[in-house]
Amino acid sequence: AQLALNPKTPADVLEKLTKSEDPIILSQIASRKNATDNVFRAVVKNPSFDNLKVRTALASNSNTPTDVLRKVASTSNEIDIQRELAFHAKTPEDVLQNLAKIQNYGILQAVINNKNTSIKVLDEVGNNPLTWQSKFSYIQVLLASQDNISERLAKKIAKSNNEDALHHLLDNPSSSISPELRNSITNRLSN
């Protein structure tokens, strides 16, 4: 365990340590910022990979490669891991798309704010029933503030009664929000 924690332990030694089935050692290795992609991949191949601490360490390490994140996502339905994946800068679009279907406010907020979130993923958040519940109206505001919002999603938000979201939509410089839609929103807000 000491070797797994020691920041001076070389990558080749870390790779050998990934053969340990001790989840504590594996989670320590998965947390290492200097672990190589091969070390991360070896952790995934270990039978103890299914341990919650190991998968959480992989999901929260900013150096975890995309293919390992995809594997973590495909084997994890725990909210904490899903939230880590939603925040992770390397989470691929297909994983974000699946996360956008989860009815959890924190996950949706992280998905919207992830730099890898595409128009397609934002549309998926717009299809999530949680987005339109009044107690989670801030999700609509976040969506309305995105530069890469689709015209379809902008129209959907424009039909809502969420005045904050409507104001954010008006302030959004995105070209996908047509002048007609902007006029319609302005008229609704002035009444």
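Which residues in α12 meet L181, I185 and R188 in α14? In this predicted model, where local features need pLDDT of at least 70, side-chain atom pairs count only at pLDDT 80 or more, while totals for chains, interfaces and linings use all residues. Residues are numbered from 1 along each chain as its sequence is written, and side-chain values use heavy atoms, with hydrogens and water left out.

The residues in α12 are A154, K155 and A158, where contact means heavy atoms within 4.5 Å. By class, this contact of α12 with α14 holds 4 nonpolar, no polar and 2 charged residues.

Helix α12 spans residues 151-158, and L153, A154, I157 and A158 in this helix are buried (under 20% relative accessible area with a 1.4 Å probe, protein chains only). Seen down the axis of α12, these buried residues fall within an arc of 140°, so they line one face of the helix. They pack against α10 (119-127), α11 (138-144), α13 (163-171) and α14 (179-190).

Two helix pairs are set out below, with axes fitted to C-alpha atoms over the stretch in contact and angles running from 0 to 180 degrees between N-to-C directions.

| Helix pair | Axis distance | Angle |
|---|---|---|
| α12 and α14 | within 11 Å | roughly 15° |
| α5 and α6 | 10 Å | about 140° |

The angle makes α12 roughly parallel to α14 (under 35 degrees). Helix α5 (residues 52-60) packs with helix α6 (residues 66-74) at an angle of about 140°, which makes α5 oblique to α6. This second contact is made by R55, L58 and A59 of α5 and V68, L69 and V72 of α6, and by class it has 5 nonpolar, no polar and 1 charged residues.

Key:
Buried means under 20% relative accessible area, exposed over 50%, partly exposed in between (1.4 Å probe, protein chains only). Helices (H or I, at least four residues) and strands (E, at least two) are DSSP runs, numbered from the N terminus. The arc is that of the directions from the helix axis to the C-beta atoms. Angles under 35 degrees count as roughly parallel, over 145 as roughly antiparallel, 65 to 115 as roughly perpendicular and the rest as oblique. Ala, Val, Leu, Ile, Met, Phe, Trp, Tyr, Cys and Pro count as nonpolar, Asp, Glu, Lys and Arg as charged, and the others, Gly among them, as polar.
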